[in-house]
Amino acid sequence: MYSKLTILRLISLGLALALILPACAPGPAPTAEIREVVMTVEVTTIVEGTPQVVIQEVTATPEPLPVQAPKPEGRIVLWGWSYDVMESTGLLDDFNAEYPDIEVEIVTYNSGDTYQNLRLALSAGQGAADVVQVENSHLAGFVAMGGLADLTDQVAPLMDKMNQYKWKDAELDGKYYAVPWDSGPVVLYYRRDVFEQAGLPTNPDEVSQLVSSWDGYLEVCKTIKAETGLNCFANSKANNDARLYEIILWQQGLGYYNPDGQVTVDSPENVATLEKMSEFWSAGVTSEEVPWTDGWYAELQSLDEPVASIIEASWLGVFLKSWIAGDTAGRWGVAYMPAMQTGQPRASNDGGSTLVITEQSQNKEAAWAFIEFMLARRENQLKQFAFSDFLPALETTYDDHLFIEPDSFFGGQVARKIYLDVAMQIPIGYVYGPYYQLMHDHVSTAIQRYATGALSAEATLKEAATQIRQETGMP
Amino acid sequence: MHSPQVADFSINKPAEKCAMGKQAELTSIPIRKPEHRAAAGGRLWKELVKSRWGLFFISPFFLLYAIFGFYPLVYSFILAFTDWTGKGPLDFSGLANLNLILKDQVFWQAMRNGAILFFMYVPLQTFLALVLAVVLNSKRVRGFAFFRTLIFVPYVTNMVAAGYTFQLLLNQKYGVFNSFLSWFGFANVPWLDSVWGARASLCLLIVWAWLGYNMVIMLAGLQTIPNDYCEAALIDGASPIQAFFYVTIPLMRPVILFVVVLSTMGSFGLFAETISLFPSTFGSGPLNATVTPILAIYNQAFRNFRFGYAATMAYVYFAFIFVLTLFQVRYFGRDDESEGL
């Protein structure tokens, strides 16, 4: 009889332990404390045929678990277009070495296809990748749509370590849904050989002095045109893609809407910005080439008939160095972009990516392990940066010696220092937002209208603003 | 007379033209009298059971159509009255979308573009296709199959590759077209960088790509016309040109109508052509010069994710094309004995 009681007790204890142990086992971090658990158990004992209920106190002290939590495992699928940086720098192999049980599958889509597939997969409720690359321009739209995993707890320790402006589009109602990857500090890339030919200084400091404002830049462009006949930069009239316009808006802390959510596409500041941009068209110093087309590549890579400069974010660096203009090594310099007025910020942002985890992901821990490994670790972000000029959003990297190393492609200039300097000054802009694509398309058409002389800047932006207000319902 | 008909769009066609007797026999469903109604259900079931294998073998189409054709049709009609953005519940907004369309400049620009493009390339393409077909159909041309293949090759060429190549050819500064034109004194034609240049470039690409397809349809039509008619006309003293205009074209009218109707829908529904030629503006071209209704719908649905609004646009567009096609078939396809042969 007694032995029966013992067996029952043991079973109860077993049950109690069974309840406690699994709750501890897959603890997310090795910090899970092991406490003594005291619980009351009803033990029904049968002593000589009469059932008796005895209330007993059972103390369960489980064996201390090994300190290291089990590593996440499983297969994760990544969508995006920039993972080749991780492959080329060997980071993917490093990741596999650290997490041998995580299988990473990279599916390369261009940005448009990535967004479309992500949108449809979120809409369908299935089929989405675990980790997706999303540019800041489109991030707010996805956050507003819902379907991205809430990363608020995971990113909490990173909040102060990343560029502040990058968090704006990742946040909704106090929750965060993305981890910043790179920043897009905008600089002026210029051709030293063209500047020399035009009798202008070629030293980056002097060039930065010369182009301290858009007016100063215009004078430089006119000189280049007069002396060499070459165009100053590409800014198509009929096929304008509004990117430069957006850069100049952002530089002034402006955008397509204001912090109160009102459409500002037709505001006096925006109109003035567009009119300022048009001075370069009137002067006839720009080329008609459309970015990312063959004519554009041709004038960037040309040795004898190049375009003199381009205002773009630092991520252009890796493309210039590799497939766009590899043969022009040593001929480029990096200067600060012009300010709207001398003394105003000479910093803006264009593009820049983040990584998100989808709510549908079956392996969120593995997905987070990947993001943490690639984006939140100083040494790994630096490896990517050394290879690609994708300026890490992670500010703890900024004291590395990479930032004071000369870059032979830019004629031995310490170019990364300028990227860094710019990144720290980027104002909060209101270009990107939930309706970015729609606003961008209308504004592009408006700029084309104005540039080809169909309408005045004010009228064309007014029309775009009306359409945007109708379609978004924003005031 | 029994004119050979390849694709007959005529609506009030005389009864003797189609083999009415035979058709009726094939598709006859016995009409039941009222008193047999109860039995009719049973008999229908019997018929179904009897022909179960036949029904089984034709079922894939109906199943696939139900899933990929009918269901989207119905669902998009429901969506047309919502402002659905791809996720979450459907919020009905009544006719608000329709009201928005009336004020949507891009949509109406797209409709205008469809009409402009139609007039720019359809007459030219149809005429060229017919002339090429007649030339190839004449007995004097050797290597018929070779030329037919040659003209058809662009149609099977990947449009993205073709669009990319045309971009290179038409580039204002570096393109082959402009270097060629510069010999004749036309410098720097802004093919892709102006409103009308963009439309002309697009028409060039379309005619290049679709000429072979249209020619093959014309050729098929021509080969059903007996030579006797033309020979008779020539013996009666008509010149070959007269024979072409007064004999071949009237006989080819149903085929020409078929080609024109297809091209009409084609010019409003241009998509791959314009995206491939103007990728940086996603097909919209300079100042929205080449945006078409289908492209505008696609942009709203899959770039701006306004599925509800896009569905409304799709139905408005459908209504427009439906009326237009009806008009074309009625007006140009009527079987008027005094006009034809």
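At what angle do helix α5 (residues 105-137) of chain B and helix α15 (residues 307-332) of chain B pack, and how far apart are their axes? In this predicted model, local features need pLDDT of at least 70, side-chain atom pairs count only at pLDDT 80 or more, and totals for chains, interfaces and linings use all residues. Residues are numbered from 1 along each chain as its sequence is written, and side-chain values use heavy atoms, without hydrogens and water.

The two helices (DSSP runs of H or I, at least four residues, numbered from the N terminus) pack at an angle of about 30°, and their axes, lines fitted to C-alpha atoms over the stretch in contact, lie 12 Å apart. α5(B) is therefore roughly parallel to α15(B), a term for angles under 35 degrees. The contact (heavy atoms within 4.5 Å) involves Phe107(B), Met111(B) and Phe118(B) of α5(B), together with Met313(B), Val316(B), Tyr317(B), Phe320(B) and Gln328(B) of α15(B). Seven of these residues are nonpolar, one is polar and none is charged.

Helix α5 of chain B also contributes to the lining of the second largest pocket, as do α9 (195-223), α10 (227-235) and α11 (240-251), each supplying at least two residues. The largest contribution, eight residues, comes from α11(B). The lining comprises 24 residues, with Val134(B), Ser138(B), Asn227(B), Cys230(B) and Thr248(B) nearest the centre of the pocket. By class, 16 lining residues are nonpolar, five are polar and three are charged, where Asp, Glu, Lys and Arg count as charged, Ala, Val, Leu, Ile, Met, Phe, Trp, Tyr, Cys and Pro as nonpolar, and the others, Gly among them, as polar.

Note on methods:
Chains lettered and ligands numbered in written order. Axes fitted to C-alpha atoms, helices over the stretch in contact; angles between N-to-C directions. Parallel < 35°, antiparallel > 145°, perpendicular 65-115°, else oblique. 1 Å grid on protein atoms, 1.4 Å probe; cavity = no way out; pocket = protein on both sides within 12 Å on 5 of 7 lines; lining within 4 Å.
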